Amino acid sequence: MDRTAKADLVSTLNGVFANTSVVVVAHYKGLTVADMQKLRSQMKLAGATVKVTKNRLANIALDGTDVASIKPLLKGPTLLAYSSDPVAAAKVAVDFAKVNDKLVILGGAMGTTALNPDGVKALASLPSLDELRAKIVGLIQAPATKIAQVVSAPAAKLARVFGAYATKDEAQSEAA
């Protein structure tokens with residue numbers, strides 16, 4: 001890799017680190033190419049990205065960013081998983097590590113907060129942004145549904161009462 005390509009990579013990574021919500025660092029030693037492709041596709045489906053870079057270039061790119069706390073983790077064959085959704089990258093990385101023991105999560109960062117491996121696992125257990133949105137919509141819709149039921153209940157009761165009187169009057173007129 002020539003000097004200009006390295007400079008481009010560093011500036012690209014710096015932009016990623018400056019604009020991302022969460023970064024997960026993991027060792028990937030022993031993963032096959034097929035495993036890495038599977039991890040990349042799972043990350044892409046979740047809206048996250050996996051990047052394998054030289055640790056020295058990643059260290060340079062981390063300067064001046066909120067996630068600079070991951071610098072000590074960049075030793076050995078590391079990969080970086082990041083996403084704008086604060087949960088997506090952590091969730092996919094933890095789920096993949098459960099299935100494949102060659103992916104070892106070292107830690108990460110969420111904004112200025114450094115995360116150890118347990119912190120990444122705790123972050124992965126949280127509901128995703130889409131799940132939270134669905135819950136909020138459900139909570140908003142529930143009162144509206146209850147209001148509609150309460151408003152329509154008196155009308156339904158009146159209809160049943162009128163129906164009962166009508167059948168009662170018919171029964172009395174037939175008996176007479």
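**Reading the core, strands and helices**

Mentor: Let's start with Leu39: setting aside neighbours within four places in sequence, Leu39 is in contact with Val50, Leu79, Val92, Phe96 and Leu103. Bear in mind that this is a predicted model.

Trainee: Which residues touch the most other members of the largest nonpolar core?

Mentor: Leu39 is one of them, along with Val24, Met43, Leu103 and Ile105, in a core of 25 residues. Elements supplying at least two residues each include β1, α2, β3 and α5. Helix α4 gives the most, with seven residues. There's also a second, separate core of 17 residues, with Leu9, Val16, Val23 and Ala109 among them.

Trainee: How many bridges join β1 to β4?

Mentor: First, the general idea: in a regular strand, side chains alternate between the two faces of the sheet. Here, β1 (residues 22–27) and β4 (residues 104–110) run antiparallel, joined by six bridges. Ala26, for instance, has Ile105 in β4 as its bridge partner. On to β5 (residues 113–115): β4 pairs with this strand over three bridges, again antiparallel, and Gly108 sits opposite Leu115. The two strands make a hairpin with two residues between them, and Gly111 in the turn has a positive phi of about 65 degrees.

Trainee: At what angle do α4 and α5 pack?

Mentor: About 110 degrees, with their axes 8 Å apart. An angle of 65 to 115 counts as roughly perpendicular, so α4 is roughly perpendicular to α5. Ala90, Lys91 and Val94 in α4 meet Val120, Lys121, Leu123 and Ala124 in α5. By class, that contact has five nonpolar, two charged and no polar residues.

Technical notes: Residues are numbered from 1 along each chain as its sequence is written. This is a predicted model: local features need pLDDT of at least 70, side-chain atom pairs count only at pLDDT 80 or more; totals for chains, interfaces and linings use all residues. Side-chain values use heavy atoms; hydrogens and water are left out. Axes are lines fitted to C-alpha atoms, for helices over the stretch in contact, and angles run from 0 to 180 degrees between N-to-C directions. Helices (H or I, at least four residues) and strands (E, at least two) are DSSP runs, numbered from the N terminus. Angles under 35 degrees count as roughly parallel, over 145 as roughly antiparallel, 65 to 115 as roughly perpendicular and the rest as oblique. Contact means heavy atoms within 4.5 Å. Ala, Val, Leu, Ile, Met, Phe, Trp, Tyr, Cys and Pro count as nonpolar, Asp, Glu, Lys and Arg as charged, and the others, Gly among them, as polar. Two strands pair if DSSP finds at least two bridges between them. A nonpolar core is a set of buried Ala, Val, Leu, Ile, Met, Phe, Trp, Tyr and Cys residues joined through side-chain atoms within 4.5 Å. Buried means under 20% relative accessible area, exposed over 50%, partly exposed in between (1.4 Å probe, protein chains only).
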